[in-house]
Amino acid sequence: MKGNSRIGAEKGAGKMESDASRRRDSTAADDLAATEGQTPFTRRLSPPQSAVRNRVDRFGELFISAVAFVVIAIIFLIFIYVAREAAPLAWRTIDGISIWSPFQTPYTWQPVGGVPKFNILPLIVGTLKVTLIAMLLATPLALAAALYTAEFAPPSLREWIKPAVEVLAGIPSVVIGFFVLIVLASWLQDAFGFQFRLNALSAGIGLAFAVIPLIYTVSEDALTSVPKLYREASLALGASKPQTAVRVVLPAASPGIFAALVLGFGRAIGETMIVLLASGNASMLSLSPFVPVRTLSATIASELGEVVFGGGHYRVLFLIGVVLFVITSLLNWIGARYNRRLRQRLSGAA
């Protein structure tokens, strides 16, 4: 009996020693994992540090939301102010001008004279004509430069091309307009024998100089953001590098490129100083690009400081501002919707 109790005591002591050694080995493994950065359990942040980080994130979210709300409110208030100044046209001003006067015949903008004429159709046509000329000139040049920079230029050359093109965006529009007025318009007339030295073509070329940097920058960013996997897959299937750039990269970046075109169009349609200096500033209703034009923005800039406050001419100029605001907003809305559908089609969602 004593021998059996001794044997049982020895077995119990051995079991306790083995359990203790197992616990020591487990503790040692946990310490080793902790020193190697591989903790067996996820360590949570201490409550004070987690609370501070949550407060910072919440403050950043509120700040961004507040800035966005302020920007939207400013745009809305500007539109309300412009519309309020044009509102008296709805019930006819003292000098007999109503809201329908800018849309009645004859199609002439002649606000000063015995019988003032306020038809804004020549201004709308001139604005769209100059803008289309600028976009037709700027779009292929900007897209070609962006495609070359993103796909073909060596890295050392790319570091020089993009800043050099973007420098054009820093040139004041009045400087571009003055250059077209003094130099470029005379060159074009001597080369092609235009009847009018200042016309829609010269103004469109000047606008193209202002639009190219914007279209180039946004398009180059869109082309660069295309995943490298697309290029590698195309090259692996046997396509050449130019084929890959035109048939794979360019369609994949089409939403960003379309957004660049919308921004460029909005920039051109609202430009003032270039068209004021280089377009001839004559309201002629014609589709020819070789005759002088007068745009909506240039009309406001040149006449608002000389009109009688509160008069009919004053109200019509603010109505032109409303029309210009509506045109740009409508174009941006249509562009955003088309861009959204294009993204859905490329991602296979539509």
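F59 is exposed, at a relative accessible area of 59%; exposed means over 50%, buried under 20% and partly exposed in between, with a 1.4 Å probe and protein chains only. F59 belongs to helix α2, residues 47-86. Helices (H or I, at least four residues) and strands (E, at least two) are DSSP runs, numbered from the N terminus.

Together with F63, I64, V67, V71 and I75, F59 makes a nonpolar surface patch of about 610 Å². Patch members have over 30% relative accessible area and no salt bridge; nonpolar side chains (Val, Leu, Ile, Met, Phe, Trp, Tyr) are joined within 5 Å, like charges within 9 Å. Areas come from the Shrake-Rupley method with a 1.4 Å probe, and for residues only the protein chains shown count as cover. An α-helix has 3.6 residues a turn, so residues three or four places apart point the same way.

## Basis of the model

The model is predicted: local features need pLDDT of at least 70 and side-chain atom pairs count only at pLDDT 80 or more, while totals for chains, interfaces and linings use all residues. Residues are numbered from 1 along each chain as its sequence is written, and side-chain values use heavy atoms, with hydrogens and water left out.

## Overall architecture

The protein has 12 helices and 2 strands. Their order from the N terminus is α-α-β-β-α-α-α-α-α-α-α-α-α-α. Of the 350 residues, 34% are buried.

The protein exposes about 21300 Å², of which carbon and sulfur atoms supply 67%. When contacts (heavy atoms within 4.5 Å) are taken between residues at least 6 apart in sequence, 70% of them join residues at least 24 apart.

N119 sits in the loop between β2 (117-118) and α3. N119 is buried, with a relative accessible area of 2%. The side chain of N119 makes polar contacts with two backbone atoms: the oxygen of Q104 at 2.6 Å and the nitrogen of L121 at 2.9 Å. A polar contact is a pair of N or O atoms within 3.5 Å; within protein, one must be able to donate a hydrogen and the other to accept it, and residues adjacent in sequence count only if both atoms are side-chain atoms.

Beyond its neighbours within four places in sequence, N119 is in contact with S101, P102, F103, Q104, T105, P106, Y107, T108 and W109. Two of these residues, T105 and P106, are joined by a cis peptide bond with omega about 0°. P106 lies in the loop between α2 and β1.

## Salt bridges

The whole structure holds 8 salt bridges, each defined as a side-chain nitrogen of Lys or Arg within 4 Å of a carboxyl oxygen of Asp or Glu. One of them joins R231 and E151, N to O at 2.7 Å. R231 is in helix α7 (residues 228-236) and E151 in helix α3, so this pair ties together parts that are 80 residues apart in sequence. Both partners are buried: R231 has a relative accessible area of 15%, and E151 has 9%.

K162 forms a salt bridge with E220, with the closest N and O atoms 2.9 Å apart. This pair also links distant parts of the chain, as K162 is in helix α4 (residues 155-166) and E220 in helix α6 (residues 200-224), 58 residues apart. E220 is buried, at 4% relative accessible area. A further bridge joins E271 and R267 at 2.4 Å, N to O. Here E271 is buried at 6%, whereas R267 is partly exposed at 33%. R84, E85 and R315 are linked in a network of salt bridges.

In helix α11 (residues 296-303), the buried residues are L296, S297, A298, T299 and E303. Their cover includes β1 (109-110), α3 (121-151), α9 (254-269), α10 (273-278) and α12 (312-347). At the start of α11, a side-chain oxygen of T295 comes to within 3.3 Å of the backbone nitrogen of A298.

N281 is placed in the loop between α10 and α11. The phi angle of N281 is near 55°, a positive value in a residue other than glycine. N281 counts as partly exposed, at 23% relative accessibility.
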